[in-house]
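Please keep the sequence and the structure open while going through them.

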Amino acid sequence: MKQYNRYLLVLVMALMATAICWSQEVPQRSQPGKFAIKKVDFDHVKEVISNPNNAYYYPKLMKAYNSNDTTLSIEAWRNFYYGYTFQEDYNPFRESIYCNVVEQLYYKQPHSRAECDSIEKYAEKSLNDNMFDLNQMNFYIYVLKEKKKHARAAICQYRLDRLIAAIMSSGRGTKEEPWVVIAPEHEYNIINFLGFVATDHETLDGGIDYIKVQPVAGKNTEGFYFDISRMMQIATLKFPDI
């Protein structure tokens, strides 16, 4: 119950942050590309990322990520994203001490050169602490473009697109095929990426979240489903007293 209450708190904070962050025109959203829908098999993920002889051995994926490898397949990104839940430092509620600094600066647009320097500095520190913070990636891309560091911005945009694609490849956002996420704010990242605005949250049986969205002209979508079971399982095991 404590973990669930903490999850709800993080979810509310995520809603407040992502609704603003992802509504900005900069950086512009790019399409993550075409990919096959494939259900996440965490037993298989654990097997491949733990095998030094496998192409998806986690240290290999991390090395490729840090070296800005743009040749990785969507399957590699899937194993990189979901394989992180098996790493010792995985915390589904992880938040960098620098993220609030970046957000406060970001929303004071337009920015001076000094403010851009600070956003870049602290967004980079935030991502070094939590590489799957998609909001900080958005901030980082924005400031790199502002400073005309287009090559670095392109790399970061590529990373963001691939992580979005990895999540979206896990399902269709339906009750039968929910998207699997490893952090609460990723639910809202996906919704906002698709151009919707979340209005309400409901937790269903079986570790499933349902996020209601505002109506959009020409679309009959009322909401999306997310699988948070792995996230909550690890939170309960690692932080039973919080």
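This is a predicted model: local features need pLDDT of at least 70, side-chain atom pairs count only at pLDDT 80 or more; totals for chains, interfaces and linings use all residues.

1. Burial and contacts across the sequence. The protein has 242 residues, of which 49% are buried, and its exposed surface comes to about 12300 Å², with carbon and sulfur atoms supplying 51% of that area. Among contacts between residues at least 6 apart in sequence, 64% join residues that are at least 24 apart.

2. The 4 strands form an open sheet in the order 1-4-3-2, and the pairing within it is mixed. Strand 1 (179-180) and strand 2 (198-204) each have a single partner strand and stand at the edges, so one side of each is left without a neighbour in the sheet.

3. The hairpin. Strand 2 pairs with strand 3 (residues 208-213) in the antiparallel sense, over 6 bridges, and the two strands form a hairpin with 3 residues between them. In the turn, Gly206 has a positive phi of about 80°.

4. Strand 3 and its other neighbour. Strand 3 is also joined to strand 4 by 5 bridges, and these two strands run antiparallel; here Ile211 stands opposite Phe224 in strand 4. Is strand 3 largely enclosed or left open by the rest of the structure? Of its 6 residues, 5 are buried, so strand 3 is largely enclosed by the rest of the structure.

5. The helix across the sheet. Helix 9 (residues 185-193) lies across strand 1, strand 2, strand 3 and strand 4 (223-227), and runs at about 35° to strand 3.

6. The nonpolar core. The largest nonpolar core holds 59 residues, and the members that touch the most others are Tyr81, Tyr82 and Phe132. Helix 8 (residues 150-168) provides the largest share of this core, with 9 residues. Once neighbours within four places in sequence are set aside, the contacts of Tyr81 include Phe132, Leu163, Ala166 and Ile167, and also Val180, Val181, Ile182, Ala183 and His186.

7. His201. This residue is found in strand 2. Which side chains make polar contacts with the side chain of His201? One is the side chain of Thr203, at 3.2 Å, and another is the side chain of Asp209, at 3.1 Å.

8. Leu194. The loop between helix 9 and strand 2 contains Leu194. Because its relative accessibility is 25%, Leu194 counts as partly exposed, the cut-off for a buried residue being under 20%. Leaving aside neighbours within four places in sequence, Leu194 is in contact with Met168, Trp179, Lys219 and Phe224.

Key:
Residues are numbered from 1 along each chain as its sequence is written. Side-chain values use heavy atoms; hydrogens and water are left out. Two strands pair if DSSP finds at least two bridges between them. Contact means heavy atoms within 4.5 Å. Axes are lines fitted to C-alpha atoms, for helices over the stretch in contact, and angles run from 0 to 180 degrees between N-to-C directions. A nonpolar core is a set of buried Ala, Val, Leu, Ile, Met, Phe, Trp, Tyr and Cys residues joined through side-chain atoms within 4.5 Å. Buried means under 20% relative accessible area, exposed over 50%, partly exposed in between (1.4 Å probe, protein chains only). A polar contact is a pair of N or O atoms within 3.5 Å; within protein, one must be able to donate a hydrogen and the other to accept it, and residues adjacent in sequence count only if both atoms are side-chain atoms. Accessible areas come from the Shrake-Rupley method with a 1.4 Å probe; for residues, only the protein chains shown count as cover.
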